[in-house]
Amino acid sequence: MVRVGIIGASGYGGGELIRLLKAHPGVELVGFSSRKHEGKPLSAAWPQLWDEGLFATLEEVLGRAEVVFLALPNGLAMELAPRALEEGSRVIDLSGDFRLPPEVYESWYGIPHKSPGLYREAVYGLPELHREELGGARLVANPGCYVTATTLALAPLAAEGVLQGAFVVGLSGVSGAGRGGEGTFFAEVNENLRPYRVGGTHRHIPEMERNLGRLVAQGPRVKTHGPVGEVRLSFVPHLVPMTRGILVTVEAEVDGDWNQGTLDELYGDFYVGEPFVRVLREALPETKGTYASNRVDVKPLYEARTGRVMVFAALDNLVKGMAGQAVQNLNLMLGLPEETALPKEGLWP
Ligand SMILES: NC(=O)c1ccc[n+]([C@@H]2O[C@H](COP(=O)([O-])OP(=O)(O)OC[C@H]3O[C@@H](n4cnc5c(N)ncnc54)[C@H](OP(=O)(O)O)[C@@H]3O)[C@@H](O)[C@H]2O)c1
């Protein structure tokens, strides 16, 4: 049994980690941190849980765990990860702190990077592309929901070397903003649809472009710190009045002649054997189809009338877009079967 701690256990990511890890046969949960709920039972933050354990300070959690999940706002993992690593723990960070080169991070996040040297050690935790690197990792940068959906929607085209760019429309449920998310009051979200961070300003754009650029430069099995090619994306996110779920609708700019048959073959071959990526032939991805599961549904579509190549992808932002992906990374880091404690099927309705 590996001793695992969760820092930021009162947030949405932390809560989803508790749900998944409680059912993990190789893990002993040894600590949960929250400033607000320190000393109180877990049910103080999570009414759905039976009382098991108390919230502690982050120092206590760091002292007990062999692997720590950092489920904190951006800017905190860069201070905590070095401490955890010095104490001999391994770290899975759910924030953006180690996903981008420090100078790129600073310009998109507006936060000075306090551990720039550690970026070179971090492995980018998208298992479908970085599986081989994750085995020995001490520090994993776990990608988020929009980035996972968009990268997996376009990866086969990028690895084939035909992707030039894309126009991505993203739709997200409200839990994507976190438990203290701004602008998520019921009265303002309910019966409302709105775009946000438009005009090429969303901070996930450089991460998507780098992921796809690596595939363009390196082919299907990429290294986090290997060469990165050029891919340009327009990304237009929208907030949708639902709790969980991400849907991306993508128009890909591609070289060559395509039809539905060649697209189906490319996507089918690329994702063959992947435990959590399902390529749809007839149906279209929908958020509820992936609700509470660690699955991504992907559908490439050739629009014969215009000659456009489109791709749709759906996932649960709190599971494959966050905590489930982090558990998938934990399994790979520990050499356990990758699917351990991760649901492939979700809840319906
Ligand atoms: N929500 C999503 O769909 C999603 C998807 C992918 C990635 N992410 C990323 O994952 C991370 C966590 O997101 P989330 O949605 O779980 O956020 P959240 O619901 O807002 O939770 C944040 C957690 O951090 C703790 N915290 C806040 N400030 C702190 C501080 N200064 N020191 C110590 N603890 C602090 C909070 O607990 P206390 O206030 O009780 O201490 C809480 O437990 C973020 O970086 C986010 O960008 C989120």
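What share of the 349 residues of the chain count as buried? In this predicted model, local features need pLDDT of at least 70 and side-chain atom pairs count only at pLDDT 80 or more, while totals for chains, interfaces and linings use all residues. Residues are numbered from 1 along each chain as its sequence is written. The answer is 50%, where a buried residue has 20 or more other C-beta atoms, placed from the backbone, within 10 Å of its own.

The chain holds eleven helices and 14 strands, taken as DSSP runs (helices H or I, at least four residues; strands E, at least two) and numbered from the N terminus. With a radius of gyration of 19 Å, close to the 20 Å of the globule rule for 349 residues, the chain is as compact as a globular protein of that length; the radius is taken over C-alpha atoms, and the rule is 2.2 Å times the number of residues to the power 0.38. Along the principal axes, the C-alpha atoms fill a box of roughly 60 × 45 × 40 Å.

Helix α5 (residues 127-134) packs with helix α11 (residues 319-334) at an angle of about 30°, their axes 9 Å apart; axes are lines fitted to C-alpha atoms over the stretch in contact, and angles run from 0 to 180 degrees between N-to-C directions. The two helices are therefore roughly parallel, a label for angles under 35 degrees. Pro 127, Arg 131 and Leu 134 of α5 meet Gln 328, Asn 329, Leu 332 and Met 333 of α11, contact requiring C-beta atoms, placed from the backbone, within 7 Å.

Terms used: Angles under 35 degrees count as roughly parallel, over 145 as roughly antiparallel, 65 to 115 as roughly perpendicular and the rest as oblique. Two residues are in contact if their C-beta atoms, placed from the backbone, lie within 7 Å. A residue is buried if 20 or more other C-beta atoms lie within 10 Å of its own, exposed if 12 or fewer, and partly exposed in between; C-beta atoms are placed from the backbone.
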